[in-house]
Structure formats: C-alpha cells, structure tokens
Amino acid sequence: DFRLTAAANVLKWIVGSRDAENRGGPVVSSCVTRLAVRACENFILFREHNDIDRPERNSVLSDEEWNTLVQFSYQLTLEKGTLESGVSRKDAARVENILNQLKAFLPQFEMDGMRNIWIVKPGAKSRGRGILCMNKLDTILALASSPAQKDESKW
C-alpha cells in the first residue's frame with residue numbers, strides 16, 4: 001500500500017504544483033511521472049479485473065522502479081523538489097483522470113496526504129514506551145530490520 005500511496009502522491013503533487021517554480025529542493029527526473037502513472041493504471045486495471053488476460057506483463061513495475069518512485073516521491077513532497085521538465089496540459093488531464101478513478105477504489109483517498117506520518121510502536125510489553133512518529137518508510141524498514149531490534153523482538 002505504501003508504494004501505491006507514493007505513486008498517488010506524485011500524481012497529486014503534479015496536479016497541485018505543475019506550474020510551480022523551483023522551490024529550492026532537488027530537481028527530480030520527469031520519469032517519475034511515467035512511473036507513477038504506470039503504477040496507478042496497473043492498480044486500476046487490477047481492481048477492475050482487466051489485468052487478467054493482458055499478454056504483456058512488462059507494465060508491472062519492478063522493485064527497482066518502485067524504489068525509484070518512492071525516492072522521487074520523497075524528494076517532491078518532503079524535500080520540496082521540482083520536476084526537471086514541466087507537465088503538459090494533456091498529461092495533467094490524464095493525471096487528473098487517473099486520480100478520479102483511484103477515488104472509486106480507495107475509500108480514504110482524500111485523507112491520504114502527501115506528507116504522511118506513520119506511528120511506529122514496539123511490540124511485547126512496551127507499555128507505551130518507545131513509540132515513534134516517522135515520515136519515511138525506508139527509515140521504518142531500517143529500524144525494523146536492524147539486528148539489535150530483531151534480537152529483542154522489539155518491532
């Protein structure tokens with residue numbers, strides 16, 4: 001789900017900021033638009049059951065492409081980045097159409113922001129101690145997979 005959220009956040013950013021000037025953050029490759037559109041369109045096809053008889057499987061994003069998309073999403077939303085090239089009116093209309101289709105399948109779509117925060121709680125008798133708020137999934141995954149945490153079964 002976090003990957004789809006990242007893809008939708010990129011599309012929301014495009015609709016809300018497509019005419020914005022450089023905001024002082026990193027300049028992000030325009031391939032992020034293509035990746036986000038592909039990811040969201042694949043999700044819509046899956047939910048409409050139109051992906052079943054499709055002969056081409058190359059439209060599914062690889063793990064490397066997902067990681068790139070998530071990193072670009074962070075750069076746009078958290079680091080105040082900008083796209084290296086603008087978004088055409090045709091592409092903006094396509095993005096808006098995809099976002100409207102996503103609303104039908106994601107009941108909390110309007111509540112999902114571009115700057116989400118996850119509440120990370122340790123398990124097993126923590127009694128409210130060690131609760132953290134984090135805004136980057138890679139940080140959460142690093143915390144959960146660290147050897148010290150695994151030994152204690154803390155996360």
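Begin with helix α2, where Val32, Thr33, Leu35, Ala36, Val37, Arg38, Ala39, Cys40, Asn42, Phe43 and Ile44 are buried. This is a predicted model, so every value here is computed from predicted coordinates. The buried residues of α2 pack against α1 (2–17), β1 (27–28), α3, β2 (82–83) and α4 (89–105).

Check the geometry of the helix next. Helix α2 covers residues 31–47, which is 17 residues. At 1.5 Å a residue it should span 24 Å, and its end C-alpha atoms are 25 Å apart, which agrees. After α2 comes His49, whose phi is positive, near 60°.

Now bring in α1. The axes of α1 and α2 come within 9 Å and cross at roughly 125°. That angle makes α1 oblique to α2. The crossing of α1 past α2 is left-handed. Which residues of α1 meet α2? Leu4, Ala7, Ala8, Val10, Leu11 and Ile14 do. Their partners in α2 are Val32, Thr33, Ala36, Val37, Ala39, Cys40 and Phe43.

The largest nonpolar core has 30 residues. Those with the most contacts inside this core are Leu11, Ile14, Val32, Leu69 and Leu102. Helices α1, α2, α3 and α4 are the elements that give two or more residues to it. Helix α2 gives the most, with 8 residues. Beyond its close sequence neighbours, up to four places away, Ile14 touches Thr33, Leu83, Val87 and Val95. A second, separate core has 9 residues, including Ala6, Leu78, Val120 and Leu137.

Take Ser73, placed in helix α3 (residues 63–77). Is Ser73 buried or exposed? Ser73 counts as buried because its relative accessibility is 3%, and buried means under 20%. Leaving out residues up to four places away in sequence, Ser73 touches Ala6, Asn9, Val10 and Leu78. Of these contacts, Ala6 and Leu78 are also listed in the second core.

The other is Thr5, in helix α1. Its relative accessible area is 17%, so Thr5 is buried too. With residues up to four places away again left aside, Thr5 touches Asp112 and Asn116.

Key:
Residues are numbered from 1 along each chain as its sequence is written. This is a predicted model: local features need pLDDT of at least 70, side-chain atom pairs count only at pLDDT 80 or more; totals for chains, interfaces and linings use all residues. Side-chain values use heavy atoms; hydrogens and water are left out. Helices (H or I, at least four residues) and strands (E, at least two) are DSSP runs, numbered from the N terminus. Buried means under 20% relative accessible area, exposed over 50%, partly exposed in between (1.4 Å probe, protein chains only). Contact means heavy atoms within 4.5 Å. The expected span of a helix is 1.5 Å times one less than its number of residues. A nonpolar core is a set of buried Ala, Val, Leu, Ile, Met, Phe, Trp, Tyr and Cys residues joined through side-chain atoms within 4.5 Å. Axes are lines fitted to C-alpha atoms, for helices over the stretch in contact, and angles run from 0 to 180 degrees between N-to-C directions. Angles under 35 degrees count as roughly parallel, over 145 as roughly antiparallel, 65 to 115 as roughly perpendicular and the rest as oblique. A crossing is left-handed if the near helix is turned anticlockwise from the far one by less than a right angle, and right-handed if clockwise.
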